Amino acid sequence: MQMDGNPKRNGKSFGREEACVAIVLAAGRGARMNSDVPKQYLPLGGKPILYYALKAFQKSFVDRVVLVAAADEVEYCKKEIVERFGFHKVSRVVAGGKERYHSVWEGLQAAGECGYIFIHDGARPFVTGEILGRAYACVREYGACVVGMPVKDTIKIADADGFAGSTPKRDDVWMVQTPQVFSSGLIRSAYGALMEMETDRKALPQNIRITDDAMVVETYTEHKVKLVEGSYQNIKITTPEDLQVAECFLDREP
């Protein structure tokens with residue numbers, strides 16, 4: 001499905017009565033990259049990795065973007081990323097928190113009134129207009145969706161001793177990506193419940209780590225989250241090997 005800033009369904013354009021806001025997360029340190037520079041600022045094709053994610057939203061139908069950075073990098077992002085590259089859709093640059101979900105919460109507070117919220121990792125530079133369009137059509141129908149792709153490899157579930165415990169059907173297993181997209185009321189309600197539980201020291205058990213936004217919705221609401229096709233190129237750059245792969249993808253772009 002082609003997307004030039006105009007969402008379509010069944011070949012016909014459909015209007016948007018409610019604003020779309022993207023929260024782009026760039027507060028991580030990226031310890032697995034073995035670099036003193038946070039991974040989202042490492043150069044890719046002569047520009048920071050974060051540039052490409054922001055560029056995709058800048059060119060899309062999304063109305064505005066909230067960029068979440070580490071507290072000591074907010075001014076850097078404003079001057080060296082947003083102003084330098086002319087990302088006028090970035091309406092706010094705010095400081096993130098200790099964990100990813102704290103950063104999302106800060107982004108939600110800064111998002112303002114809107115109908116739908118796209119939450120995206122700034123270390124995923126290959127999100128495209130086509131992916132955003134599919135996610136938007138899906139969230140309008142289901143209220144909650146996450147971008148992902150079916151796995152290519154056989155997956156094993158390990159037992160407590162590190163042995164293969166079970167083998168799920170490959171057709172049933174997806175690797176989840178971002179953006180993850182929700183109606184504004186739903187995601188705010190889910191995160192509000194999480195933060196309230198944390199304040200009351202009743203957060204998730206210690207052996208459960210919150211790794212994505214769908215997990216928050218699944219845990220704190222009864223709303224189901226739909227899977228929607230992303231792209232095998234929509235990788236998250238986490239290790240030096242990922243950066244090498246990203247350079248190859250970039251070289252193949254027209």
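1. Some ground rules. This is a predicted model, where local features need pLDDT of at least 70 and side-chain atom pairs count only at pLDDT 80 or more, while totals for chains, interfaces and linings use all residues. Residues are numbered from 1 along each chain as its sequence is written, and side-chain values use heavy atoms, with hydrogens and water left out.

2. The overall picture. The protein chain has 7 helices and 13 strands; helices (H or I, at least four residues) and strands (E, at least two) are DSSP runs, numbered from the N terminus. Of its 254 residues, 46% count as buried, where buried means under 20% relative accessible area, exposed over 50%, and partly exposed in between (1.4 Å probe, protein chains only). Take the contacts (heavy atoms within 4.5 Å) with a separation of 6 or more: residues 24 or more positions apart account for 76% of them.

3. Helix α3 meets helix α5. The axes of α3 (residues 100–110) and α5 (residues 184–199) come within 11 Å and cross at roughly 125°. Axes are lines fitted to C-alpha atoms, for helices over the stretch in contact, and angles run from 0 to 180 degrees between N-to-C directions. That makes α3 oblique to α5; angles under 35 degrees count as roughly parallel, over 145 as roughly antiparallel, 65 to 115 as roughly perpendicular and the rest as oblique. On the α3 side, the contact residues include Y101, V104 and L108, and on the α5 side they include I187, Y191 and M195. Sorted by class, this contact has 8 nonpolar, 2 polar and 3 charged residues (Ala, Val, Leu, Ile, Met, Phe, Trp, Tyr, Cys and Pro count as nonpolar, Asp, Glu, Lys and Arg as charged, and the others, Gly among them, as polar).

4. More on α3. Its buried residues are Y101, H102, S103, V104, G107, L108 and A110. What do the buried residues of α3 pack against? They pack against β3, β6, β7, β8 (116–121), α5 and α6. After α3 comes G112, with a positive phi near 75°.

5. Helix α5 meets helix α6. Here the axes of α5 and α6 (residues 213–220) come within 9 Å and cross at roughly 75°, so the two helices are roughly perpendicular to each other. Among the residues making the contact are A190, L194 and M197 of α5, along with D213 and V217 of α6. The class tally is 10 nonpolar, no polar and 1 charged.

6. Aromatic pairs. Rings of Phe, Tyr and Trp (its six-membered ring) pair if their centres lie within 6.5 Å; planes under 30 degrees apart count as stacked, over 60 as edge-to-face and the rest as tilted. That rule gives 9 aromatic pairs. Y51 and F87 have ring centres 5.7 Å apart and planes at 45°, so they form a tilted pair. Y51 sits in helix α1 (residues 49–59) and F87 in the loop between α2 (74–85) and β7 (90–95), so the pair ties together parts that are 36 residues apart in sequence. Both Y51 and F87 are buried. Ring pairs also link Y51, Y52, F85 and F87 into a cluster.

7. A lysine to look up. K39 lies in the loop between β3 (20–26) and β4 (43–44). Is K39 buried or exposed? At 10% relative accessibility, K39 counts as buried. K39 and A26 are 13 residues apart in sequence, and their C-alpha atoms are 8.9 Å apart in space.
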